[in-house]
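Visitor: I have the coordinates open. Please show me how to read the main features.
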Amino acid sequence: MKKPFVLDPNGPPRPADKYDAPRLMADKAPLGFHVMIKPAGSACNLNCTYCFYLSKATLAGGPGAKKMSDVTLERLIRSYIEDVTTPEVVFTWQGGEPTLRGLDFFRNVVVLQQKYAKPGQTVLNDLQTNGTLIDEQWCRFLKKNDFLVGLSIDGPEHLHDAYRKTRNGSPTFHKVFRAAKLLRRFGVPACFTIQVMRNSMDRVGPPVAGLPPSKKDRPNENET
Ligand code: SF4
C-alpha cells in the first residue's frame, strides 16, 4: 500500500511516520491524546535517593527549575482543549512536585478549564504528588473539583523511608501516610504509586495497611 505523504512546513513533502498518525486520522475520527504537565519543572521539596528528575534542573535544554508562567498555563489549557476532539480531555499534573505551585495556581487551572471547555466536553484532572504538602484545604479543593490523586508511597514505613527522604535526609512516611488518611477522610479519589525496589520485591503487600475505611460523613466539601 502506498504510504501517505505529509506536507512539512519546514521542507518538501515527506512520507508519513507513526508520529503523524494522530493528525492524519484527525479528519476521520475524533482526536484524543493525553498531556502530562510539569508546572513546577523539576522542583521538588524531597530528595528521594532514586529520583531521576531532580538533576534535570541543570540539564542543558531540559525543563530546568523554572515554573510555568500564567501566560503559558492559559495558552496550554486553551490549545489542549481546542485540539482534543474526543468528549473527554484529561490533564495530568506531575513534577517534580506540582503542589509546590500552591492552591491558587490550581484554582486558576480550574477557572481556565471552565473558560475554554467546549460544550459537552468533560475536562478531568489528575495530580501525582508526594503528598507532603497535602492538607485539609487541598483535600477540599481536590474533592470539589473531582481531581484523581496519585500518591507516591513505597509501602510500609521501613521500605518507604529507605528511599523517600526530605532534602535534609529525614524520613517522610508519616507525612505521606497522614496525607493518605486525609484524602480518604475527604473522599478524594486516590490511588498509590509504588516503586518496587530490590529490597521490597518479596514484601509487596498492602502499602497503606491501617488506613481507616472511607467515611460516609464528609467534611464540608464546598470550600476551595
Ligand atoms: S517526590 Fe518525586 S520528584 Fe520529588 S524527589 Fe521524590 S521521586 Fe523525585
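Guide: Begin with the elements: helices (H or I, at least four residues) and strands (E, at least two) are DSSP runs, numbered from the N terminus. Here the order from the N terminus is β-β-α-β-α-β-α-β-α-β-α-α-β. The protein holds six helices and seven strands.

Visitor: What should I know about the model and its numbering?

Guide: This is a predicted model, where local features need pLDDT of at least 70, side-chain atom pairs count only at pLDDT 80 or more, and totals for chains, interfaces and linings use all residues. Residues are numbered from 1 along each chain as its sequence is written.

Visitor: Which strand pairs with S4, and do the two run parallel or antiparallel?

Guide: Two strands pair if DSSP finds at least two bridges between them. S4 is joined to strand S5 (residues 122–129) by six bridges, and the two run parallel. Phenylalanine 91 has asparagine 125 in S5 as its bridge partner. From S4 the chain passes through H3 to S5 in a right-handed β-α-β crossover. Right-handed has a viewing rule: with the strands pointing away from the viewer, the path from the first strand over the helix to the second runs clockwise.

Visitor: Which residues of H4 are buried?

Guide: Count C-beta atoms, placed from the backbone: a residue is buried if 20 or more others lie within 10 Å of its own, exposed if 12 or fewer, and partly exposed in between. In H4, Trp138, Cys139, Arg140, Leu142 and Lys143 are buried. They pack against H3, S6 and helix H6 (173–185), where contact means C-beta atoms, placed from the backbone, within 7 Å.

Visitor: Which residues surround the ligand?

Guide: A residue is near a molecule if its C-beta atom, placed from the backbone, lies within 6 Å of it. Those around the ligand include Cys44, Tyr53, Gly95, Gly96, Glu97 and Ser152.

Notes: Two residues are in contact if their C-beta atoms, placed from the backbone, lie within 7 Å.
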